Amino acid sequence: MRTKLLFVAVLILVFSMLVSCGGAPAAPEVIEKTVVETVIVEKEVEKVVEKEVEVEKVVKETVVVEKEVVVEKEVIVEVTAEPAQAESESTEPQLGGTLNMSLGPDFITFHPYFDVSTAQFKPIFYEAPIRIGDDGDFEPWLAESWEESEDGLSITLNLRQGIMFHNGREMTADDVIWSVDHARNTEFGHHLSDRFLLATGAEKIDDYTVKINYSEVGPKLDGIATMQIFPQEALDDIETAPVGTGPFKFEEWVPGDRLVGVKFEDYWQEGLPYLDKVVIKPIPDEQSRMLNLMAGSIDALRGVPLADKTLLEQAPDITVTSSPAGFFFYAFIMNINEPPFDNPLVRQAMNYAIDREKIAQTAFHGAEVPVVEPYPETSWAYVSEFADFYTYDPEKAKELLAEAGYPDGFKTSMLIRGPSGPYLDQAQVYQQDLAAIGIEMELLPTELAQYFPALIGSEFAIASHGTGDATVDPSGLFEGAACCRPFRNFFGITDNETWFPEYKELIAKGRASLDREERKAYYHDALEIQMEQGWNIPTAWRQEIFAYSNRVHNFRTDMGGNIWLNETWLSQ
Amino acid sequence: MGKYAIKRLIQIIPVLIIVSIAVFSIIHLIPGDPAEIMAGSNATDEQVAALRHQYGLDKPIWSQYLIWLENVATGNLGYSLTNGFPVNKLLLQRIPATIELAIAAAIIGTLIAFPLGIIAALKPGSFIDFFSTLFSALSFAVPSFWLAILLILLFSLQFKLLPPSGRPDFSEEPIEHLKSLIMPALTLGIAMAAKLTRYLRSSMLDVLHQDYVRTARSKGLSERSVVVRHAIRNALIPVITVFGLQIGDLLSGAIIVESIFSWPGVGRLTIQAISWRDYSILQASVMFIVFAFLLVNLLTDLTYGLINPRIRYE
């Protein structure tokens, strides 16, 4: 019996040691060494010496024990310098090395016109004529400049010369013309065609100048910034073998195992990229992805779980970063055909009942920024007075409900995007907020394959959704997620709403104007109507969270969460 | 026995056809289709329709099935709906990984379970018996995702001995390949050992109290001979049934373990195919799983005959 007890005790000890091994690595590494052993002296001595050096702290302590035996113990505490600081000092890019990273699940397709969950790889292989800069505005890329015609019906791109495709052919105006035609083509159901609905085609001015024509005035640059140029001859295999002008050339894709890109020697940016190779490994499990980074088997990852962001931030040799806010936001959206959300007072009450700060702190673990007005401050359409259009005010929400004829609240159910994750988490917090004003809300977590048909078919009363239309131009907000194009209007808004014709007209005017100040005024008024009507409740910006080892430098992500490795380098 | 095996193999064909119809119907009945998922929430009806046409989903379901069957008869399992990758190639990449992991896990499971279960039964109430019970209870209780994470923390982060994920090519990096196999195989092997140990122990205990064991002992046979020749062989029948079922489970894909260790097996492929409703991959991988189960079942049945000569198949 005693043996058994002893055995159990040992087992528990081993078990707890195993578990303790799993803790997050502490900030600086502390190494303790016992150096001096036992010395016998004649009488009691007490002496403490302390000495500090830059990276080494020596503590000598004397402990008196029985029988006048003094054990002198010297503990050397070596505090290793934080690598982050040490490495940030060396800013000279180093050539070579392989960057191992994970974007999460495996790739679905490499066709650049599909925006599927792992589309963030695109700038590694593909590039567009222009790109979105860090300031949230467009900047030249494959095209060194562009001019919009005075009538706003065409845009001329001046392409750089000597840009090579990975297949060894030079990119010219013909490739851009073909890309525009491919982007306009709606026959293969890709995502870019929306942005080229008004494009009528492109014409060649000369080998490096191309003019894209449109049937109506409207925003053009968001489309051009997402139109990755790839050679027509690569189309047949483009879904499994990307070919573009990007800094890395496709080497192999082993589904489920790795995607490999090697340095493109003929890349148009002189001296770039610095890296020799990029290996992207699918690691679908979030925890495992983090452990891979901590163990050093990958150097960077996308998709840090919100709850673990702080943990990773505390790790000494890892940097955590978010893509700039402004493209996507978490939201609750209402179907205004479904009672009681057909009543604007109820919708406003729903807006006042939400405690965004609590959602940000609990559901998003402080990792996302609350938002009321769905524009980032970097947008020219941002209206500062709307930033606190709705504040958390349950009393006001109750009053509005009473005024709407629901003094005791009501019962409803919420469609949730995905069976688990942040959309469910934010809904759970909101559920409590609503319970406080008498609204009983059932949550319906729904797998994506069933969620989208339900959403598109307006088969919901209220949904926990992610929205924003990934455009720099403010029109995207209105024409995409918020309303107006008939095919995306899952909010059930029709001309029967008295305010809707005016709202649509403001948006149409905003689109058709070439004067930015004038456009700003139209969008201001449209946004005001949208906020008053309150069918779309933004909660927080949805940013892609990345983490990378401090060996990695110049790791750039844009507003869309895309990864740019042109200037990325590794400390060797 | 040979004739019996061939007969059983031939029987597998109609079973597979019936199963294929069932699987085809079920996966097309699940709400949501690949065109809608691929097109996303911003899609127009035209975009979705274009994708449906491209995927051949606008044809009647029986016609889609016949096209699939015709392709399969010529050895072509079709192409991924979402990226056009040949399903044959995809499965051929994944199956070896799955089989390798299943075999490694089975070896680990057997190596742990046999000595532990047999000795525990031979010495009931002993320290080993206590240990085997504790081991089984703990391994049953510990979920595989937790054990997997714990192993990564220990062997990858703490001791830096094993890679936390991936499966390098055996031809290029044989050592790294074997190292990457250890943790997933151990995770699955321990779970398997837990079950096998319990079955083996109780089956052995049962057999050891049978008359023929007493007779063997009274004949003056050595204990070793009694255990090895008389007891174990008879105790193995129920154990082999469990073993067969577990191998079937492993071949159908250890989805969680494959995800955590990023092991490119059939399980992960199936999950991805489900979430994207990639019917061609899903159909092929489910058919593989069914086939693997049937084959393992047949092998299990044949093994009965080898272990116990009284079992004869006509």
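This is a predicted model: local features need pLDDT of at least 70, side-chain atom pairs count only at pLDDT 80 or more; totals for chains, interfaces and linings use all residues.
Q: OK, start with chain B. How many helices and strands?
A: Chain B has 13 helices and 0 strands. Helices here are DSSP runs of H or I with at least four residues, strands are runs of E with at least two, and both are numbered from the N terminus.

Q: And what does the C-alpha trace of chain B span?
A: About 85 × 55 × 35 Å along its principal axes.

Q: How much area do chain B and chain A bury between them?
A: About 4,600 Å², with 64% of it on carbon and sulfur atoms. Buried area is the accessible area (1.4 Å probe) that two parts lose on being put together, summed over both.

Q: How many salt bridges are there between chain B and chain A?
A: The count is 3. A salt bridge is a side-chain nitrogen of Lys or Arg within 4 Å of a carboxyl oxygen of Asp or Glu. One of the bridges links Asp169(B) and Arg258(A), at 3.2 Å from N to O.

Q: How many residue pairs are in polar contact across that interface?
A: The rule finds 8, with both residues at pLDDT 80 or more. A polar contact is a pair of N or O atoms within 3.5 Å; within protein, one must be able to donate a hydrogen and the other to accept it, and residues adjacent in sequence count only if both atoms are side-chain atoms.

Q: Switching to chain A. What is the order of the 4 strands in the open sheet?
A: The order is β9-β10-β12-β11, and the pairing is antiparallel. Two strands pair if DSSP finds at least two bridges between them. The edge strands are β9 (143-148) and β11 (199-206) of chain A. The twist averages 20° from one strand to the next.

Q: How many bridges join β9(A) to β10(A)?
A: There are 5. Ala143(A) stands opposite Leu159(A) in β10(A).

Q: Which helix lies across β10, β11 and β12 of chain A?
A: Helix α4 (residues 173-184) of chain A, which runs at about 175° to β11(A). Axes are lines fitted to C-alpha atoms, for helices over the stretch in contact, and angles run from 0 to 180 degrees between N-to-C directions.

Q: What does Asp174(A) form a salt bridge with?
A: Lys204(A), with the closest N and O atoms 3.1 Å apart. Asp174(A) lies in helix α4 and Lys204(A) in strand β11 of chain A, so the pair ties together parts that are 30 residues apart in sequence. A search over all chains finds 26 salt bridges.

Q: What about the 7 strands in an open sheet of chain A: what order?
A: The order is β13-β14-β15-β6-β16-β23-β17, with mixed pairing. β13 (248-254) and β17 (318-322) stand at the edges with a single partner strand each, so one side of each is left without a neighbour in the sheet. β13(A) and β14(A) pair in the antiparallel sense over 6 bridges.

Q: Which residues does a cis peptide bond with omega of about -5° join?
A: Leu272(A) and Pro273(A). Pro273(A) lies in the loop between β14 (258-263) and β15 (277-282) of chain A.

Notes
Residues are numbered from 1 along each chain as its sequence is written. Chains are lettered from A and ligands numbered from 1 in the order in which they are written. Side-chain values use heavy atoms; hydrogens and water are left out. Contact means heavy atoms within 4.5 Å.
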